[in-house]
Amino acid sequence: MSTFSKIFLFRGAGGRHYSAAAQTQLREILGTQLAGIKEAGTFKAERIITSSQSTQITVQGSEKRILNFCANNYLGLANNPEIVEYSRTLLEKYGAGLSSVRFICGTQDIHKQLEQKIAQFHGREDTILYASCFDANAGIFEAILTPEDAVFSDELNHASIIDGIRLCKAKKQRYKHRDLADLERQLRESDGRLKLIATDGVFSMDGNIAPLARIVELAKKYDALVFVDECHATGFFGATGRGTEEYDNVMGEVDIINSTLGKALGGASGGYTTGPTELISFLRQKSRPYLFSNTLPPAVVAVGLKVMDMLLASSELTQRVQSNTQRFRTAMTKAGFTIAGENHPICPVMLGDARLASTFADEMLTRGIYVIGFSYPVVPQGKARIRVQISAAHTEAEIDQAIGAFIEVGRSLKVIQ
Ligand code: PLP
């Protein structure tokens with residue numbers, strides 16, 4: 001690197017130069033920590049995919065197609081030709097992007113259309129789009145809650161909910177995972193003005209479900225609001241894909257839904273909050289990730305629009321992912337594996353030991369099946385697993401191939417008999 005580029009790269013805010021010594025120190029501190037992460041076996045290496053996201057993918061270093069069982073591509077829409085074509089059309093019509101936040105000059109007719117379609121899909125009054133659901137979660141609690149208010153959060157909520165709550169000034173209370181007695185005790189003792197219960201609809205590491213109907217019941221009893229993150233439910237969970245509230249027969253009873261366009265709904269990116277008109281209008285005024293970040297690009301908005309049209313017209317894909325899930329869970333359980341979670345396309349194959357989970361995943365890959373082992377600290381110590389994710393796009397033959405490989409590896413590693 002030339003002296004010029006070194007100076008150019010390490011010029012800090014306000015034109016100050018970082019000294020070479022400070023940079024050496026930074027490299028040393030981070031290098032030591034990285035070595036520690038590697039030694040602990042928790043370093044996350046990234047496999048490089050050289051095809052589109054799909055049930056069959058290619059990865060760098062191999063010509064062979066492998067069967068993918070670890071994407072959040074629940075409806076199999078990530079490379080749907082109709083969606084890609086519509087995205088191309090809106091890219092040509094509306095350009096690459098808006099170079100602006102929404103309130104300055106970043107709102108096009110298609111952004112409003114998508115917000116209305118999402119509201120229609122969920123049966124809500126209005127919707128606000130964000131660049132991601134992480135942003136939607138980061139932007140909601142701080143905007144609406146004051147020190148007089150109280151927020152009650154499931155201890156295993158997603159990191160973005162935890163971070164969003166950290167930013168707000170309300171009284172912060174954590175209740176034990178899906179523990180209604182603990183939640184009720186805390187609600188009873190609270191003197192918060194607004195009381196907001198916040199939960200994932202589906203917890204992604206375990207594939208288990210928030211007891212939403214009973215949470216709604218408690219909310220009514222203690223005059224609280226309910227917020228649900230539906231990233232692992234929208235579009236495919238519940239009879240017509242309306243999510244956890246449909247699954248638990250409390251359609252329309254949740255006050256605030258946050259979800260993502262980056263998983264089942266086409267897999268591009270984007271997030272949203274949907275709920276009462278006043279809430280959405282208020283977020284447009286106050287929510288910082290919305291106010292201070294660029295608008296969603298037209299090609300991405302197009303993905304959301306097309307997916308919403310498809311889901312409003314038919315729940316066929318939703319039914320397909322459900323029947324594929326049933327097929328996998330039933331056969332794996334029969335083979336002797338323990339599958340955690342409930343009826344959800346996230347199917348954690350429980351193995352316990354971290355090294356076993358990682359060896360198991362490597363063995364699966366040699367058989368052409370791409371799955372990932374999860375171990376501590378992502379999941380509790382001693383609860384290592386392989387998290388399989390089922391898609392509507394998997395064929396029955398592909399699912400059976402994965403089951404066959406699981407049985408073969410499971411026997412050779414003595415996980416099953
Ligand atoms: N909430 C949950 C439960 C998630 O699983 C994720 C993604 O991993 C997010 C929020 C963030 O969504 P996005 O990718 O749109 O930022």
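**View 1. The surroundings of E230 in the predicted model.** Leaving aside residues up to four places away in sequence, E230 touches G201, R242, G243, T244, E245, I257, N258 and S259. E230 itself sits in a loop, the one that runs between β9 (225-229) and α10 (244-247). Here's the curious bit: E230 is buried, yet it has no salt bridge. Look for the nearest side chain of opposite charge and you end up at R124, 8.1 Å away.

**View 2. The shell around the ligand.** Count the residues surrounding the ligand and you get 13. C133, D229, H232, T260 and K263 are the closest of them.

**View 3. Polar side chains facing ligand atoms.** Start with D229: one of its polar side-chain atoms lies 2.6 Å from a nitrogen atom of the ligand. At H158, an N or O atom in the side chain is 3.4 Å from a ligand nitrogen. H232 pairs up with oxygen instead, with a polar side-chain atom 2.8 Å from an oxygen atom of the ligand. On its own the ligand has 400 Å² of accessible area, and the protein covers 81% of that.

**View 4. G304 in helix α13.** Now for a glycine, G304, placed in the helix that spans residues 298-313. Why does G304 count as buried? Its relative accessibility is 2%, and the cut-off for buried is under 20%. Another glycine to pick out in this view is G270, 34 residues from G304 along the chain. The C-alpha atoms of G304 and G270 are separated by 8.6 Å.

Definitions and conventions. Residues are numbered from 1 along each chain as its sequence is written. This is a predicted model: local features need pLDDT of at least 70, side-chain atom pairs count only at pLDDT 80 or more; totals for chains, interfaces and linings use all residues. Side-chain values use heavy atoms; hydrogens and water are left out. Helices (H or I, at least four residues) and strands (E, at least two) are DSSP runs, numbered from the N terminus. Buried means under 20% relative accessible area, exposed over 50%, partly exposed in between (1.4 Å probe, protein chains only). Lys and Arg count as positive and Asp and Glu as negative; His and the chain ends are not counted. A salt bridge is a side-chain nitrogen of Lys or Arg within 4 Å of a carboxyl oxygen of Asp or Glu. Contact means heavy atoms within 4.5 Å. A residue is near a molecule or strand if one of its heavy atoms lies within 4 Å of it. A polar contact is a pair of N or O atoms within 3.5 Å; within protein, one must be able to donate a hydrogen and the other to accept it, and residues adjacent in sequence count only if both atoms are side-chain atoms. Accessible areas come from the Shrake-Rupley method with a 1.4 Å probe; for residues, only the protein chains shown count as cover.
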